[in-house]
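Today I'm looking up salt bridges in a structure. I want to see who pairs with whom, and how buried the partners are.

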Amino acid sequence: MVHLRSIRLPDTDTQPERFPFTVPVVRSFTEMQFTAPITFFVGENGSGKSTLLEAIAVGANLPTIGSQDTHNDSTLESIRQLSNRLKWVWNKSRVRTGFFMRSEDFFGFAKRISKLMGDMKSEYESDEGHEGQSEFARRLSKQAYANEMRAMRDLYGAGLDAQSHGESYFKLFRARFRPGGLYLMDEPEAPLSPNRQLMLIATLKEMIDQNAQFIIATHSPILLAYPNATIYNFTGGRIEQTDYDVLEHVQITRDFLNNPSAYLRHLLHDSQPD
């Protein structure tokens with residue numbers, strides 16, 4: 001299901017001369033339509049795809065998978081200025097279910113969850129603050145912490161930092177994906193092997209069947225192959241809707257796998273000292 005139908009940036013001729021408005025794709029941006037339940041942003045590093053994804057995340061006001069939320073993350077201060085200028089069209093109403101995840105923020109989120117679980121355990125085991133309480137009142141107070149710890153364990157097990165990065169990713173997805181949500185993900189393939197990326201595709205399909213919508217910035221030809229997805233290519237300072245087979249990411253990967261020795265022979269020969 002498509003919850004967010006479009007975003008538009010009016011009055012592009014009057015944008016300020018500062019980041020992120022000086023990014024070429026932002027300077028040329030007018031409107032983007034979301035017509036499929038999964039949309040990919042693809043382009044080289046620095047092309048502006050993460051900038052636009054962050055602006056959507058700030059405007060959608062979804063929870064973040066990171067150490068800070070979008071409304072108090074200082075790294076998003078300038079992005080908030082762009083987000084505030086965007087005009088939004090929702091299918092029915094603004095979606096409140098979902099999250100925004102940047103791959104590099106995952107460790108911060110894992111540490112935050114670990115600290116929260118540790119703090120709850122310490123409070124549960126401590127007798128401080130219970131002086132003078134009856135045994136019944138003391139049990140009620142501790143039961144509240146026990147219930148919270150049980151809920152956290154049900155979501156995250158022993159903790160997101162207790163397994164490999166890839167395994168933790170999937171534990172997080174299983175814990176936080178909900179039907180009917182909007183999910184914004186920046187390079188989720190970063191810690192995933194090719195086999196795990198295929199598993200992620202299956203997970204995306206499962207959630208799309210439950211009316212979820214995804215907007216994903218990625219470099220992965222595997223993820224980009226998701227059937228009937230919309231692909232926006234950030235290239236040459238513009239955003240163009242593109243077919244999978246003509247993407248440079250796909251063509252280079254396919255050519256390399258078909259003849260790796262030719263690529264390596266050229267690269268290694270050119271890198272030899274005179």
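**Salt bridge notes**

I started with Arg102, which is buried at a relative accessible area of 7% (buried is under 20%, exposed over 50%, partly exposed in between, using a 1.4 Å probe and protein chains only). Before going on, I noted that this is a predicted model, where local features need pLDDT of at least 70 and side-chain atom pairs count only at pLDDT 80 or more, while totals for chains, interfaces and linings use all residues. Residues are numbered from 1 along each chain as its sequence is written, and side-chain values use heavy atoms, leaving out hydrogens and water.

Which residue does Arg102 meet in a salt bridge? I found Glu54, at 3.2 Å from N to O (a salt bridge is a side-chain nitrogen of Lys or Arg within 4 Å of a carboxyl oxygen of Asp or Glu). Glu54 sits in helix H2 (residues 49-60) and Arg102 in strand S6 (residues 98-102), so I'm seeing distant parts of the chain linked, 48 residues apart (helices are DSSP runs of H or I with at least four residues, strands runs of E with at least two, numbered from the N terminus). Glu54 is buried too, at 13%.

Next I checked Arg27, which forms a salt bridge with Glu17, with the closest N and O atoms 3.1 Å apart. Arg27 lies in helix H1 (24-28) and Glu17 in the loop between strand S1 (4-8) and H1, so the pair ties together parts 10 residues apart in sequence. Arg27 is partly exposed at 29%, whereas Glu17 is exposed at 64%.

Then I looked at Arg254 and Asp245, whose side chains meet at 3.3 Å, N to O. Arg254 is partly exposed at 36%, and Asp245 is partly exposed at 48%.

My count by this rule: five salt bridges.
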